Amino acid sequence: MKKEVTLRFLGGARKVGCSAILVECEEGRILLDYGATPSKKIEWPLPCDVVHLDAVILTHAHIDHSGAIPLLFNFSEVPVIMTPATLDLTELLIYDMFNVAREPLPFSKREVKLMRNNAILLNPNTWYNINDRIRVKLLDAGHIPGSASILLDIDGVRIWYTGDINTRETQLLRPADTEIGHVDVIITESTYALRDHPPRKREERKLIEATKEVLERGGVVLIPAFSVGRSQEVLCIFRKYGFDGRVVLDGMARHASRILLQHPEAVKDYNLLVEALKSVKWIQDANERYKVISSPSVIVSPAGMLVGGSADWYLKYIYNDPTSALFYVSYQVKGTPGREILETKKIRIGGKEKEVKAEIRYFELSSHSGRTELLSMLTKVCNGATVFTVHGDEESTIGLANELREIYGIEAYCPAPGDKFHVCP
Ligand SMILES: [Zn+2]
């Protein structure tokens, strides 16, 4: 009899947010990611029986992949498999949820501690036996430090889940490892399935030149950046190009940077990271912030989409100054203050709308594969596998599945939230 494996898409289907996929078969029950959507009202994965699980496998620390894991420990204990850097970074980001959430979280710090107690730390490229019939291997995903894709082997049936993946090399990270051999099922992210990124090096050079111009005219450059990954990437770019202006690091990006210094295995060039972090000023208190905004400086600080964080504090001091600049280095989700300012050039302060006079620019330094890379990866590794498209808006997830089917002749589906698929390779 043919083996049957069931996939249930509990989150991250036709959208970005609360990624969660349940893999069920006779041999066991495994969760791939268990994330939350950190918007005004936090969203969680669809309900299902999460008591009887053999393991949870986590691709990376971002809350939309990891944020619901402590929920599982309300009911029982379950091994959580991930890379060592992912554990430390996930803890940092989940503890921050307690600070920023506008509603009580459905778990306490006790459950976050239980996650650590039940963690199984796995370095990439090593097989781990979950039980005697299911094994797992993690592969570098090139997305943020510690990120991995998941290769699951259930008695010979092989499922590859990309998580968030970037096959382009960056200053901070190696490109994703896609040497997965034969697989029967691929679950792929689709964030940029319809859009290509501009050449990376060109964007890096543009960022450096634009920053120099602002400092030369006596202004301050504010770069809102995510704590994990993007902040350090930006600092590595400045270091790599020999930028000699004053650069400061603030907010939770400092904590994330300290964690990364303990994980040389999670970055491409540890020396570059160490040099980059040594060459910038780490802000210690409010007095130092006032000094920074009074002379030409570059400020790298979260939140990446200006939802609070110290970047928000700095912005209130520079928005009205035409010599200063606000440089975006990451995608701004609809509904965030970052997106609103980018589109309207207006900022809300004390309930009033004000014009942003500082220069506003956007630099594309994405940590996801663009359309060309994604298609070339999938067509290379597919080889008869069935593909499921997740983690992208409706247009991208449906568009990618259609394109794979119609143009490349690949069996591809775009699951809707809650959809169940039986795969019988
Ligand atoms: Zn991510």
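**Reading the backbone, the metal site and the helix packing**

Modeller: Let us start with D33, which is found in strand β3 (residues 28–34); strands here are DSSP runs of E with at least two residues, helices are runs of H or I with at least four, and both are numbered from the N terminus. The model is predicted, so local features need pLDDT of at least 70 and side-chain atom pairs count only at pLDDT 80 or more, while totals for chains, interfaces and linings use all residues. Residues are numbered from 1 along each chain as its sequence is written, and side-chain values use heavy atoms, with hydrogens and water left out.

Colleague: What is the phi of D33, and is D33 buried or exposed?

Modeller: Most residues other than glycine have a negative phi, and most peptide bonds are trans. The phi of D33 is near 65 degrees, a positive value in a residue other than glycine. D33 counts as buried, at 0% relative accessibility; buried means under 20% relative accessible area, exposed over 50%, and partly exposed in between, with a 1.4 Å probe and protein chains only. D155 also has a positive phi, of about 50 degrees, although it is not a glycine. D155 sits in the loop between β9 and β10 (157–161) and is partly exposed, at 39%.

Colleague: Which residues does a cis peptide bond join?

Modeller: The cis bond joins P302 and A303, with omega about 10 degrees. A303 belongs to the loop between β15 (298–301) and α10 (309–318).

Colleague: Which residues coordinate the zinc ion, and why is the arrangement irregular?

Modeller: Ideal angles at a metal are 109.5 degrees for four tetrahedral donors, and 90 or 180 degrees for six octahedral ones. The zinc ion is coordinated by H60 (NE2), H62 (ND1), H143 (NE2) and D164 (OD), at 2.2 to 2.3 Å. Donors are N, O and S atoms within 2.8 Å of the metal (3.2 Å for Na, K and Ca); water is not among the atoms, so sites may look incomplete. The four donor atoms subtend angles of 92 to 167 degrees, which makes the arrangement irregular. Four donors count as tetrahedral if all angles lie between 85 and 135 degrees; four count as square planar and six as octahedral if opposite donors are over 155 degrees apart and all others between 65 and 115; anything else is irregular.

Colleague: How are the donor residues spaced in sequence?

Modeller: The spacing is H-x1-H-x80-H-x20-D. H60 lies in the loop between β4 (55–57) and α1 (63–66), and H143 in the loop between β8 (134–140) and β9 (148–154), so the pair ties together parts that are 83 residues apart in sequence. H60 is buried, at 0%, and H143 is buried at 4%.

Colleague: At what angle do α5 and α6 pack?

Modeller: Two packed helices are described by the angle between their axes and the distance between the axes. Helix α5 (residues 200–216) and α6 pack at about 75 degrees, with their axes 10 Å apart. Axes are lines fitted to C-alpha atoms, for helices over the stretch in contact, and angles run from 0 to 180 degrees between N-to-C directions. The two helices α5 and α6 are therefore roughly perpendicular (under 35 degrees is roughly parallel, over 145 roughly antiparallel, 65 to 115 roughly perpendicular, the rest oblique). R200, E204, I208 and T211 in α5 meet E233, I237 and F238 in α6, where contact means heavy atoms within 4.5 Å.
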